[in-house]
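Please look through the following model together with its sequence. The report below describes some of its parts in turn.

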Amino acid sequence: MKTELNIQQQAAVNSTARRTLVSASAGTGKTTVLAQRVLKSINLGRPGDDEKPDVDNLLVLTFTDAAAQNMRERIKKQLREAIDHPLVQADAVQHQLTKLEQTDVMTIDAFCKQVIDRYYYLIGMDPEFDVLASESSKLELRTQALDQVLEEFYQSAINDSIKQQFLERLTTEYRDNSLRATLTSLLDFLGSIDDPEAWLAKQNKNNDVFENYQKYYFERLWKDYRNELLQVKNYYHQIFKFYPNNEFGQNMGLATSIIEYLEQYGNLNKFEFCETEFNSVNMRSVYKDNNYSDLYNLLFGQAKNKKDSLAIINHQEDNQELKHTVANVLEQLNQLHKLGVQIEQLDSLIELFNQLNLALAQEKSLTDYQVELLSKLKKDTLKNVLKLDKFSEVVCGSEFKEFNKWINDTLFKGYNNDSLIIKEYKDEFIQNKKWLIKLYRQFKNQYQSIKDRYNLYDFGDLERIVYDLLNSDEHPKVKTELQQQYQQIIVDEYQDTNRLQDTIVTTIAGNQGKLFLVGDVKQSIYGFRNADHTVFVEKEQDYLKDNDAEVFHLTVNYRTRPTTIKAINGLFSHIMATDKVNYQGQELTAGISIENRDLPAFEFNQVNHEKGADVTSVEATVVVERVVKLLNEGQVEPKDIAIISRSWSGREEYIKRLKQVGVPYKVTKSNGFLGKYEVMVALAYLKSLYDSTDKISLVAILHAPMYGLTERELAFLKVTVNKSFSLMSPDLIDENQAPKFKITDEELSILRNKLTKFNRDYQFLSKLADVLSASELLQHIFEYTDLLISMTAMPQGEERRANLYGLLDYLLDIEATMETSAQETMATLEATGELDEINQNVDENAVTYTTIHGSKGLEWPVVFVVNTGKKYANESKNNAVVFSRKPDLGIGMSLGLTKSPFKKFVTEDNKLNDILEEKRMMYVALTRAQQSLLIYGNDKNKPSNFNLLASAIDATDFNCNEINATRTQVTDSYHVTDKKNENSMVVETKNYHYQGVNETPQTTPTTKIKDQFNQINDSSEIGVIPTGVDVSNDNDLSDGVSADEFGTAVHLIFEKLSLDSQPTLLTVTELIDQLANEGLISEMVQAELLKPVANNTTETYIDGIVALYQSEIGSSMVQASLTNRLEREKNLTMMVKAELVSKDSSLPYANDDFTIIHGMIDVLYQQPDGEYVIVDYKTDKNLDADKVMKENYPGQLSMYAQTLGQLGYEVAKCYVYGVRHHQLFDVTVN
């Protein structure tokens, strides 16, 4: 056989163990090992092959259909190569080649469907069932189920306060998205584990909330602070000898026992610490001295001047305790004396307590001598001696005081606070869990009922059915026959399975069949699909202990150059040093020696940008310039380069720049399909036919190339034709209005022709809208209008045409799996949001832009890893409900609390898992490179992958390169070289009439073009309403709070604030608490709102919010709100010339080129005289008239005012309000 294996690969392929796990690191020949294992496992006529099965007695499971096809082809190729091998028999090989066609090489989903196709009759299933594979169709059916279940629940909650309280926790006043998302997530999560009923049962039984909290609190405490606790334990032991028989000593002894318990916690199966025992201890007494305060007060408050004070003491209820305390103090003082401790008046103290002890024993009043002794002592002497700190300093040194503070602030403060919250909310938490589980069951049953109606099953259903069949006592033949059929199961990408899938595989393997599992837990990156990497981790741990199992590690990398491998090892030996997936022992070794010295092996680049610059735009410019430089140097071709991003966010910035410099590109997949211009126009046409009042859709159609109305023509029609655009007819045009818009008779004639064409198309298609499905109607749009022709004539025309037919396929897919109206089909499509882009790039020699998930399994000579500075998302932190795979943690809930102990440890556990997955994502991205690995990002956000990698860069031989970028436009262009003929040539670029609009975003925020509308020339023209707050020393936002996040929160407060009466500090504070409880603003932002805005003032943002409504403008806003004359967060859509949006003056723009601008007006209210006022909120630092001018806020509001004027709103005034300093800036243009 021609394929040569290294020692590691050969050992894995030759394993004779019943259970084999192969941990195959990136680039180590995993597919080769899998294919060779198949050949090794079957009868090829070799010596010793007689007992081996045929290839169709093997089950080979892969992650994707493409991988399955590739695996089958790889096995076929290697079987053909094996024919000439001297140890095999040609006829045996030919036999296996024939059998290969019937061999099950497929995904786990396809396998489960095959099993059901075979055994459907056992469970009474209709064999003609359909698989619900479309995500959009699945979403629609789930929405239907949720609508019905929740509507019934809402009705039942009208007179049920407990249900109402549950709803308050999981919904807001306006929407129930949170509750819907919770139920859907729970459905998917439980569908991925082998025994969901056991998990749910655990939640119903797990009602000892406090004990469960204690378990995880102390487990985490021991994990995080083990060394510190052991030191404290040592201190306690030393101090304990001074307090052997009193309360203080008992507390110390108990505290020591807690630490001893924690020390051996890992060996215990059950949390044995009793709640009542723990609560009986005043933990503060372990580190604060309150033990002798009563004695101290008696001695210095009464006995100093009263000889009969002992008589008073003798009348105390517990005289014996007092005697005991005095005796203990005397004992402790004597011990200090023996140690030679230097304490002021120690001898006098000993003498005093000897006398006190004597008096108490004889039950006599104090003598003159005893009173004299007492009077000579300073008050603080006894107080200091009796304090724990003094003893601890003597015995343990000054560090103990810091430990006391640490124990108080770190360990027990949160515990004590959480204990009170748990006590107050425990019953509600238990009740809400029950309601949630009940709703989940109703939703699950209703969803199943709808699927049954259409005879549909999703892949999760198929897996669950196969699991039930395999474990059915009623149908044992299923397991028996499958175990007999498959003598070995080979699983690829094992790290991406879940527990349900793993259980199916291991059940079929049984006790006799073999399992050969291949994967790399370092590349497990599908947690969002409920893949469970711990399955792989636990399997490896189990196999290492099993005599009939073997574990192999493949570490020889045949993809990446040695220098780059060294850098990768340096990074991940640090990044993965303490994880469950420890990189130690899994370092890559180079299997190739090729080093292209003309290409950099590794770079770590920090892109710095000017304040206020768009981070992604700047980084995209730097990266594309580097791409162009590499290409123009002739060392690589476009197809050799990949740009890999964590997500699709920012993709357009990279694509735009690649287009500008002429670099061919392709996008592997994208969730921006619905945002494609041609797709948007097609959808707009469909929507307008179903709703003729949808003006935005109609404007988009009229302006599209097939009709081509200009901005000026549309504005003219809007004013002159007071009817819906859908009723547009050339006969309705008022020619007398044409001169006002400078429209000539010739242009009027052209407009009539355009309208005639539109009117003919629209009237014909609108008659079909009620009788055709959405897909049928779209096909008629293709046939009857010029949509396809006009879009194909634009740049990237073939790609646009493919996208339009792709849209048709998506609609057909939805309609094929469910009975639905055309409008519902459209809603389902748009609700899905994330659809794969149809990539129709005919030039294979193109730069690839993809995500980390899209790059998995691929490789390129040069890899750019970009957008690493994006902050980690912590979705579970703000969710009202969170889940954990660990049944003991189970369900966590916020219950409207800012810091909820009921979700604390679930959130922490999920956050830890999310960070671990981010690390694995980075491993996948970085190991795609063959010769050159270039990383780009910035350290603005924390935590992020950039910060993660930066923390480990010292473990490599490389440094962090700082790039100070100022441009957002690429200055160089790509010169194509034909390497075959070695003739340099420049690609001929064709100038299209619509090239400008093609290079311009179809939708643009107003902030991008506000400069074009500013008519104020100097800041002196801006009117300023004075304020008493100094603007010179503004505080920065706290670390972890971005300006965007904070500004969004302030706008949300203004939007939600009730204006039924004058807002106050109390009403604003209550609203902030409510928004925080609902997870709409973070805890850090909530705290920021209460922080002084400047060093020289106590004013906070809340004061700034309230101050607006105390002004004349704010009072007018309140009055307008009371009479329904005020709008907040008003959406504004307008069309402007495309040349105003693009800063690339080199692009040709036709007069008709346009873009749609989207804006949001913070406040628009009508004055009693009928005119309108715009108010815009800003949270900028040091906002004065000069900065208002510099940021061009007047231009933004002027654009709003002009647009509103065209819509019939006469705007009289425009104000910018600076929240930090309570200032109103009048930016009205006269």
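## A glycine between two helices

Glycine 708 is located in the loop that joins α30 (695-703) to α31 (711-720), where helices (H or I, at least four residues) and strands (E, at least two) are DSSP runs numbered from the N terminus. With a relative accessibility of 9%, glycine 708 counts as buried, a word that here means under 20% relative accessible area, while exposed means over 50% and partly exposed lies in between (1.4 Å probe, protein chains only). Between glycine 708 and leucine 755 there are 47 residues in sequence and 9.9 Å in space, taken from C-alpha to C-alpha.

## The model as a whole

This is a predicted model, in which local features need pLDDT of at least 70 and side-chain atom pairs count only at pLDDT 80 or more, whereas totals for chains, interfaces and linings use all residues. Residues are numbered from 1 along each chain as its sequence is written, and side-chain values use heavy atoms, with hydrogens and water left out.

The protein has 49 helices and 28 strands, and 53% of its 1230 residues are buried. Of the contacts (heavy atoms within 4.5 Å) with a separation of 6 or more, 78% are between residues 24 or more positions apart.

## The annotated loop

An unreviewed UniProt entry lists Ala24, Ser25, Ala26, Gly27, Thr28, Gly29, Lys30 and Thr31 under "binding site"; such positions are given in the numbering used here, feature names are shortened, and annotations may be inferred rather than shown by experiment. Glycine 27 belongs to the loop between β1 (19-24) and α2 (30-41), and threonine 28 is found in the loop between β1 and α2 as well.

Glycine 27 has 17% relative accessibility and therefore counts as buried, and threonine 28, at 2%, also counts as buried. When neighbours within four places in sequence are left aside, glycine 27 is in contact with Val556, Asn557, Tyr558 and Arg559. With the corresponding neighbours left aside, threonine 28 is in contact with Gln9, Leu554, Thr555, Val556, Asn557, Tyr558 and Leu588.

## Strand β7 and its partners

Strand β7 (residues 514-519) is largely enclosed by the rest of the structure, because 5 of its 6 residues are buried. It pairs with β1 in the parallel sense over 5 bridges, pairing being assigned if DSSP finds at least two bridges between two strands, and in this pairing valine 22 stands opposite valine 518 in β7.

Strand β6 (residues 488-491) also pairs with β7 in the parallel sense, over 4 bridges, and phenylalanine 516 in β7 is the bridge partner of isoleucine 490. Together with helix α24 (residues 499-509), β6 and β7 make a right-handed β-α-β unit; right-handed means that, with the strands pointing away from the viewer, the path from the first strand over the helix to the second runs clockwise.

## An open sheet of seven strands

In another part of the model, 7 strands form an open sheet with parallel pairing, in the order β13-β14-β12-β15-β18-β11-β19. The edges are taken by β13 (665-667) and β19 (960-965), each of which has a single partner strand, so one side of each is left without a neighbour in the sheet. Neighbouring strands of this sheet are turned by 25 degrees against each other on average, direction ignored.

Strand β11 (residues 602-609) pairs with β19 in the parallel sense over 6 bridges, with valine 607 opposite isoleucine 963 in β19. Helix α28 (residues 651-660) packs on the sheet, where it touches β12 (641-645), β13, β14 (847-851) and β15 (860-866), and its direction makes about 155 degrees with that of β13; axes are lines fitted to C-alpha atoms, for helices over the stretch in contact, and angles run from 0 to 180 degrees between N-to-C directions.

## The strand near the end of the sequence

Strand β28 (residues 1223-1226) is covered on both faces, with Gln1223 and Phe1225 buried on one side and Leu1224 and Asp1226 buried on the other. Strand β23 (residues 1023-1025) pairs with β28 in the antiparallel sense over 3 bridges, and aspartate 1226 in β28 is the bridge partner of glycine 1023.

Strand β27 (residues 1211-1218) and β28 also pair in the antiparallel sense, over 4 bridges, and glycine 1218 stands opposite glutamine 1223 in β28. The hairpin of β27 and β28 has 4 residues between the strands, and in this hairpin histidine 1222 takes a positive phi near 60 degrees.
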